[in-house]
Amino acid sequence: MSVLLPLEDALAQMLAAAVASSAVVQRPLLDALGLALAEDVVSLIAVPGDDNSAMDGYALRAAEVSGALPVSQRIPAGRVGTALQPGTAARIFTGAAIPPGADAVVMQENCERDGDLVTVSGPVTKGQNIRPRGQDIGVGETALAAGRVLRAQDLGLLASIGHATVSVHQPLRVAVLSTGDELREPGSGELQSGQLYNSNRYTLGGLLRALNMEFIDCGIIADDPEATARALQKAAASADVVITSGGVSVGEEDHVKNQVERLGKLDLWKLAIKPGKPLAYGRIGDTPFIGLPGNPTSVFVTFNLVARPFLRKMQGITEPEAPALQATAAFTVNKPGWRQEYLRVSVQQSEQGLVASKFSNQSSGVLSSVSHSNGLAVVPPGTVVAEGDSIQVLLLDLLT
Ligand code: AMP
Ligand code: MG
């Protein structure tokens, strides 16, 4: 198991094993924002329900526009008119149903009103300014398909077909454990020499909440085999997935991997990516386990590249990830690497298109490289990059 796996191979193996959670819940629309739709939503009504006016103006028969027409009725939005008498026009307002017999609406700016008469200027074509029944959604049409993440406009769409609630996958429960004797919680006092504040807990908690998943905070685990085993078992019992940070490298203080092997099974270890090599994946009992590296930047990168697609599938999301962008490199990579590298970059719009600039320090311990970047530039193994080359960039705002 010491061969480094390419990311795609590891992901294919993990995604093949990921099963969408069957826990489904009915929620009021506004409480479903960001969650995954659990079933296709088929509309029982047409939207709009009537042919209706797209303008404030006059409804008439297109063939009858010569000369002045008597205004025979007035139809505000929300009211229903009567059949349009031949040779007349109906005063009509935006959104009002077209009266039977009318086949066009002329906007009021192109009409001259004189008492009970209206004169229309310009040619009128059949159907103009009429929004036909069902032009947005037809009866029996699938308005939204299962597996999509509900966005604000989707809530609006569901409301437009009369739904007050919607069936969504329950947020996935993800337990997060931070390993390391050197860790202190921020707010728990000053650091002693050799200590550092636990940042991964907050990065991971934030990433999970941004994905609308339940972050189960299992705190810090000591670098000790028994304590690690106990904490992993407890986490696995209370969550759908267990994620750890640190303790999956090769040192004798790295206990996570061994304990997962004892309590379950380790399916893969070590990816050919930089940062993020020592990633581990397996099971604790039946609960999927993802062991992220300890370095804060590696945590961010591997969560997004590996854990995120896995969790999305378990959450019932089938919608594809946002596509990567192409940008022009404003930096060089002179030495080809043997792992696929993910450089933290800032992408900016210029007159020549998108330009990516590399953050100065790309060390996996430098979390500022993530905070002060908005993208990950992908440098495949064996490649060098010259200034001006086109490179692929994953935008962080589309991930978090
Ligand atoms: P490890 O994989 O456990 O050897 O950790 C690799 C590096 O990441 C070490 O420098 C750790 O101190 C650091 N590290 C591990 N866990 C965390 C954490 N939760 N927050 C910040 N840094 C961490
Ligand atoms: Mg450690």
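Between which domains does the second largest pocket lie, and why?

Modeller: In this predicted model, domain 1 (7-22 + 171-314) and domain 4 (324-395) both contribute residues to the lining of the second largest pocket, so the pocket lies between them. The space in the second largest pocket amounts to about 400 Å³. Its lining consists of 19 residues, and those nearest the centre are Leu-11, Asn-304, Leu-305, Glu-321 and Leu-394. Four elements, α1 (7-17), α6, β23 and β26 (390-395), each give two or more residues to this lining. Of the elements, α1 provides the most, with four residues. The lining of the second largest pocket comprises 14 nonpolar, three polar and two charged residues.

The largest pocket may be set beside it. The largest pocket has a volume of about 500 Å³. It is lined by 33 residues, and Gly-246, Pro-293, Gly-294, Asn-295 and Pro-296 are the closest to its centre. Two or more residues of that lining come from each of β15 (196-197), α6 (296-314) and β23 (340-350). Here β23 gives the most, with three residues. By class, the lining of the largest pocket has nine nonpolar, 15 polar and nine charged residues. The largest pocket likewise lies between domain 1 (7-22 + 171-314) and domain 4 (324-395), because both give residues to its lining.

Notes
Residues numbered from 1 in each chain as written. Chains lettered and ligands numbered in written order. Predicted model: local features only at pLDDT ≥ 70, side-chain atom pairs only at ≥ 80, totals over all residues. Heavy atoms only, no water. 1 Å grid on protein atoms, 1.4 Å probe; cavity = no way out; pocket = protein on both sides within 12 Å on 5 of 7 lines; lining within 4 Å. Points joined across faces, edges and corners; volume = space filled by probe spheres on them. Nonpolar A, V, L, I, M, F, W, Y, C, P; charged D, E, K, R; others polar. Domains from an automatic or database assignment.
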